[in-house]
Amino acid sequence: MTERKVISLTGGRKTKRAPQMADDAAARLALPAFEPGWVWLVGAGPGDPGLLTLHALNALKQADIVVYDALVDETVLQFASARATLEYSGKRGGKPSPKQRDISARLIELARQGKRVLRLKGGDPFVFGRGGEEALALVDAGIPFRLVPGVTAGVGGLGYAGIPVTHRDINHAVTFVTGHMAGGAIPENLDWPSIAKGSPVIVLYMALSHLGAIAKRLIENGRRADEPVALVRNATLKDQQVLETTLGTAAADVARTDFKAPAIIVIGDVVRLREGLDWLGALEGRILKRDPLNVRAKKDAG
Ligand code: SAH
């Protein structure tokens with residue numbers, strides 16, 4: 001490998017190994033061949049194509065057909081081979097979204113036609129992505145499948161906002177929650193009092209429309225109204241937007257700023273780290289705060 005100088009994000013200069021091209025890496029790793037009649041369930045990550053895994057790239061290059069979801073960014077699809085058919089499986093133009101049953105049936109039909117079927121999903125297929133349901137339908141139909149995990153919005157998307165989902169000075173646990181049931185209502189079968197008491201950091205998927213109701217329930221169960229909350233819209237994409245608010249004011253701030261989905265939401269003191277860790281903001285000139293939790297300041301005083 002050649003040595004090349006790279007400039008690190010913090011501005012210091014380091015000598016590092018030059019990154020090999022992804023194709024080269026795929027060849028070196030002898031990534032698997034996509035056999036006809038197989039379905040690969042692949043996570044596309046939250047949006048930035050740089051977050052695709054090598055397995056995802058390898059799948060895109062070989063697939064005959066890519067059946068993709070609403071949350072898969074178009075820039076990711078450009079890595080599909082030119083001969084591949086791209087088939088959208090999400091909601092379009094106000095029409096209701098296709099039923100999960102129909103999508104599974106379609107995957108089975110395509111596999112039975114002897115196609116290499118790439119089922120591409122936003123984030124990770126097994127995190128609120130119905131990947132398990134689709135995989136079970138494939139197993140039921142005797143269709144061989146492979147799973148390629150992806151970077152989930154609730155971890156990587158928050159990372160792009162400079163928010164770690166765990167931080168030793170703050171939390172040793174994190175809970176991922178969906179704010180939306182199949183029917184669209186706030187999940188009633190969740191033990192909200194236990195989540196409020198037991199989980200210092202809560203990451204909410206699909207929760208924008210129920211944020212007010214969820215915040216109310218958490219506050220009723222002991223969470224502070226001034227607890228920090230961040231919402232990240234279009235996380236990892238060029239138009240990523242971050243709204244910092246509090247549990248008590250989140251719903252009103254969402255309405256006031258007309259903040260739209262898709263958004264990943266995080267509740268908890270890890271949001272305070274953003275002042276020190278907003279690396280994307282720093283690329284545009286934001287001065288990062290040292291010791292944003294005042295940990296060192298406290299230690300020095302004590
Ligand atoms: N399987 C996906 C989640 C699908 S559920 C994953 O692992 O990330 C859809 C929800 O994911 C959205 O409502 C939103 O809450 C979140 N989400 C996915 N991609 C996102 C993105 N780029 N920015 C913000 N939120 C995102």
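## Around the ligand

The shell around the ligand is made up of 13 nonpolar, 8 polar and 3 charged residues. Here Ala, Val, Leu, Ile, Met, Phe, Trp, Tyr, Cys and Pro count as nonpolar, Asp, Glu, Lys and Arg as charged, and the others, Gly among them, as polar. This is a predicted model, where local features need pLDDT of at least 70, side-chain atom pairs count only at pLDDT 80 or more, and totals for chains, interfaces and linings use all residues. Residue numbers start from 1 along each chain as its sequence is written.

Which of the 24 residues around the ligand come nearest? They are Gly123, Gly129, Thr152, Ala153 and Ala235. Two or more shell residues come from each of α6 (153-159), β10 (228-233) and β12 (263-267). Helices (H or I, at least four residues) and strands (E, at least two) are DSSP runs, numbered from the N terminus. Domain 1 (3-150) and domain 2 (154-301) each supply at least three residues to the shell, with bounds from an automatic or database domain assignment.

Most residues other than glycine have a negative phi, and most peptide bonds are trans. The Ala261 to Pro262 peptide bond is cis, with omega near 0 degrees, and Pro262 sits in the loop between α9 (250-257) and β12.

Asn234 isn't a glycine, yet its phi is positive, about 50 degrees. Asn234 lies in the loop between β10 and β11 (241-246), and Thr236 is in the loop between β10 and β11 too. Thr236, also not a glycine, has a positive phi of about 75 degrees.

Is Asn234 buried or exposed? Asn234 is buried, because 20 other C-beta atoms lie within 10 Å. The cut-offs are 20 or more other C-beta atoms within 10 Å of its own for buried, 12 or fewer for exposed, and partly exposed in between, with C-beta atoms placed from the backbone. Thr236 has 23 C-beta neighbours inside 10 Å, so Thr236 counts as buried.

Notes
Near = placed C-beta within 6 Å.
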